[in-house]
Amino acid sequence: MHQLIAEFLGTALMIIFGVGVHCCEVLKTSKYQNSGHIFAITTWGFGITIALFIFGDVCINPAMVVAQAVLGNIPWSSVIPLSIAEVLGGIFGSIVVFIAYYDQFKASKDIDRVKIRNIFSTNPNVRNLPRNFFVEFIDTFIFITAILAIATIKTPGIVPIGVGLLVWAIGMGMGGPTGFAMNLARDMGPRIAHAILPIPGGKANNDWQYGILVPGIAPFLGAACAALFARYFLGL
């Protein structure tokens, strides 16, 4: 139960930073509107670092949960409960951000509804589902492989800092096509929140097809392949 709560809270905090920075960058009357992608990606990286410092040995990502199960570090019976806790954390974190930025949402009724939806969830700039799937697969493969390698370094504090820098690098290098979700809880939790929240001015279609296929399924495959690569090639 402690682990489930930690996954819930860790994911919620990650989303508060991540969805929060998109609100900050997109919505009218925000102090930092139009700050740009470097502002957003850096906040995602730092936010994940802080979540890992606070909650320690957490996955905050169902793809990492699957990787740990493939490696034999956790039982397969834990995969679904941990993943559900993380998705619920994503929903909760998004609701917290929505309440915090409600005045800004009210001031932004004339902003394109797809842009508002994209505050919460990822989407491709060019919709090509096979290529979008490949991008999320390879992003997650790199992400999980690198985390497993970073985790072998026993210097205190290196994992949270290393993972934050990793998120920053992947976002800057490979975030352009799809927004680098790499995480079902990061995308699906806020996507569900967008569907249920009373957003002023209405909202765009939630695009469940994309959400389930690309940031939903691709990260699991990328993580499983990363775990196998880490074990049989890197010897981790």
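Is F53 buried, partly exposed or exposed? F53 is partly exposed, at a relative accessible area of 46%; buried stands for under 20% relative accessible area, exposed for over 50% and partly exposed for values in between, with a 1.4 Å probe and protein chains only. The legends below describe a predicted model, in which local features need pLDDT of at least 70, side-chain atom pairs count only at pLDDT 80 or more, and totals for chains, interfaces and linings use all residues. Residues are numbered from 1 along each chain as its sequence is written, and side-chain values use heavy atoms, with hydrogens and water left out.

**View 1. F53 and its contacts.**
F53 belongs to helix α2; helices (H or I, at least four residues) are DSSP runs, numbered from the N terminus. Leaving aside residues up to four places away in sequence, F53 touches G157, P160 and I161, where contact means heavy atoms within 4.5 Å. Between F53 and F92 there are 39 residues in sequence and 20 Å in space, C-alpha to C-alpha.

**View 2. Helix α2 against helix α8.**
Two packed helices are described by the angle between their axes and the distance between the axes. Helix α2 spans residues 37-55 and helix α8 residues 158-174; their axes come within 8 Å and cross at roughly 155°. Axes here are lines fitted to C-alpha atoms, for helices over the stretch in contact, and angles run from 0 to 180 degrees between N-to-C directions. α2 and α8 are therefore roughly antiparallel to each other; angles over 145 degrees count as roughly antiparallel, under 35 as roughly parallel, 65 to 115 as roughly perpendicular and the rest as oblique. Their crossing is right-handed, the term for a near helix turned clockwise from the far one by less than a right angle. On the α2 side the contact is made by H37, I38, I41, T42, W44, G45, I48, T49, L52 and F53, and on the α8 side by P160, I161, V163, G164, V167, W168, G171 and M172. The residues of this contact divide into 12 nonpolar, six polar and no charged. Ala, Val, Leu, Ile, Met, Phe, Trp, Tyr, Cys and Pro count as nonpolar, Asp, Glu, Lys and Arg as charged, and the others, Gly among them, as polar.

**View 3. Helix α3 against helix α4.**
Helix α3 (residues 62-70) packs on helix α4 (residues 79-100) at an angle of about 160°, with the axes 9 Å apart. α3 and α4 are therefore roughly antiparallel, and α3 passes α4 in a right-handed crossing. P62, V65, V66 and A69 of α3 meet V79, L82, S83 and E86 of α4. By class, six residues of the contact of α3 with α4 are nonpolar, one is polar and one is charged.

**View 4. Helix α1 against helix α6.**
The axes of α1 and α6 are 7 Å apart, at an angle of about 150°. The two helices, α1 and α6, are therefore roughly antiparallel to each other. V19, H22, C23 and V26 of α1 are in contact with K115, I119 and F120 of α6. Five nonpolar residues, one polar and one charged make up the contact of α1 with α6.

**View 5. Aromatic pairs.**
Rings of Phe, Tyr and Trp (its six-membered ring) pair if their centres lie within 6.5 Å; planes under 30 degrees apart count as stacked, over 60 as edge-to-face and the rest as tilted. By this rule there are seven aromatic pairs. F105 and F120 form a stacked pair, 6.0 Å centre to centre and with 25° between the planes. F105 sits in helix α5 (residues 102-106) and F120 in helix α6 (residues 113-120), 15 residues apart. Both F105 and F120 are buried. The rings of F141 and F229 have centres 5.5 Å apart and planes at 55°, so this pair is tilted. F141 lies in helix α7 (residues 129-150) and F229 in helix α10 (residues 208-232), 88 residues apart. F229 counts as partly exposed at 30% relative accessibility. Ring pairs also link F98, Y102, F105 and F120 into a cluster.

**View 6. Two loop residues with positive phi.**
Most residues other than glycine have a negative phi. N34 has a positive phi near 65° and lies in the loop between α1 (2-26) and α2. N34 counts as exposed, at 58% relative accessibility. D207 has a positive phi near 55° and lies in the loop between α9 (184-196) and α10. D207 counts as buried, at 13% relative accessibility.
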